Amino acid sequence: MSTALIQSAPFVKAAAVTPSDSTVLAATRGLYVGGTGAVVMLMADDVSSVTFAAVPAGTVLNVRVTKVLSTGTTATNIVALW
């Protein structure tokens with residue numbers, strides 16, 4: 001199966017995320033944000049961190065991340081998607 005097809009296929013796994021500055025996730029394909037707020041994450045390159053500010057409730061962020069950091073994250077009900 002081509003990489004492009006895999007990346008555009010529906011998500012096949014999901015797990016609730018408790019923001020943590022130390023917990024490492026398998027690189028996600030996305031994050032669902034259930035409650036409005038900021039999401040601070042470490043990208044899958046394990047070098048770049050980024051803050052998505054004022055993410056509306058019900059948003060799916062198409063991001064590959066290995067951490068959702070507790071420091072600075074105010075959004076709630078976050079779900080990792082693979």
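Colleague: Hi! In what order do the three strands of the open sheet with β3 come?

Modeller: The order is β4-β3-β6, and the pairing in this open sheet is antiparallel. Keep in mind that we are looking at a predicted model.

Colleague: Thanks. Which are the edge strands there?

Modeller: Those are β4, covering 49-55, and β6. Each of these two pairs on one side only.

Colleague: And by how much are neighbouring strands of this sheet turned against each other?

Modeller: On average by 30°, with direction ignored.

Colleague: Let me zoom in on β3 and β6. How many bridges join them?

Modeller: There are four bridges between β3 and β6, and the two strands run antiparallel.

Colleague: Found it. Now the other sheet: what is the order of its four strands?

Modeller: That open sheet reads β1-β7-β2-β5, again with antiparallel pairing. At its edges are β1 (14-17) and β5 (59-61), each pairing on one side only. From one strand to the next, the twist averages 25°.

Colleague: Can you walk me across it? Where does Val17 have its opposite residue?

Modeller: Val17 stands opposite Ile78, which belongs to β7. Ala16 also has a bridge partner in β7, namely Val79. Altogether, β1 and β7 pair over four bridges in the antiparallel sense.

Colleague: Next step then. How many bridges join β2 to β7?

Modeller: Five, and β2 and β7 run antiparallel. Gly30 has Leu81 of β7 as its bridge partner, while Tyr32 is partnered by Val79 in β7.

Modeller: Three bridges, with the two strands running antiparallel.

Colleague: Changing topic: which residues of the largest nonpolar core touch the most other members?

Modeller: Leu31, Val39, Met41, Val68 and Ile78 do, in a core of 15 residues. At least two core residues come from each of β2 (30-35), β3 (37-43), β6 (65-69) and β7 (76-81).

Colleague: Let's pick Met41. What is it in contact with, leaving aside neighbours within four places in sequence?

Modeller: Quite a list! Among the contacts of Met41 are Leu31, Phe52, Leu61, Val63, Val65 and Val68. The list also includes Ser48, Ser49 and Lys67.

Colleague: What about Thr28, where is that found?

Modeller: Thr28 is in the loop between β1 and β2.

Colleague: Is Thr28 buried or exposed?

Modeller: Thr28 counts as buried because its relative accessible area is 0%, and the cut-off for buried is under 20%. Beyond its neighbours within four places in sequence, Thr28 is in contact with Val63, Arg64, Val65, Ala80, Leu81 and Trp82.

Colleague: You mentioned Trp82. Which residue has its charged end over the ring of Trp82?

Modeller: That is Lys13, with its charged end 5.2 Å from the centre of the ring.

Colleague: Last one: how many aromatic pairs does the structure hold?

Modeller: Zero aromatic pairs in this structure.

Technical notes: Residues numbered from 1 in each chain as written. Predicted model: local features only at pLDDT ≥ 70, side-chain atom pairs only at ≥ 80, totals over all residues. Heavy atoms only, no water. Core = buried A, V, L, I, M, F, W, Y, C linked by side-chain atoms within 4.5 Å. Buried < 20%, exposed > 50% of the residue type's maximum accessible area, 1.4 Å probe, protein only. Contact = heavy atoms within 4.5 Å. Pairing = 2+ DSSP bridges. Axes fitted to C-alpha atoms, helices over the stretch in contact; angles between N-to-C directions. Phe/Tyr/Trp six-rings, centres within 6.5 Å; stacked < 30°, edge-to-face > 60°. Lys NZ or Arg CZ within 6 Å of the ring centre and 35° of its normal.
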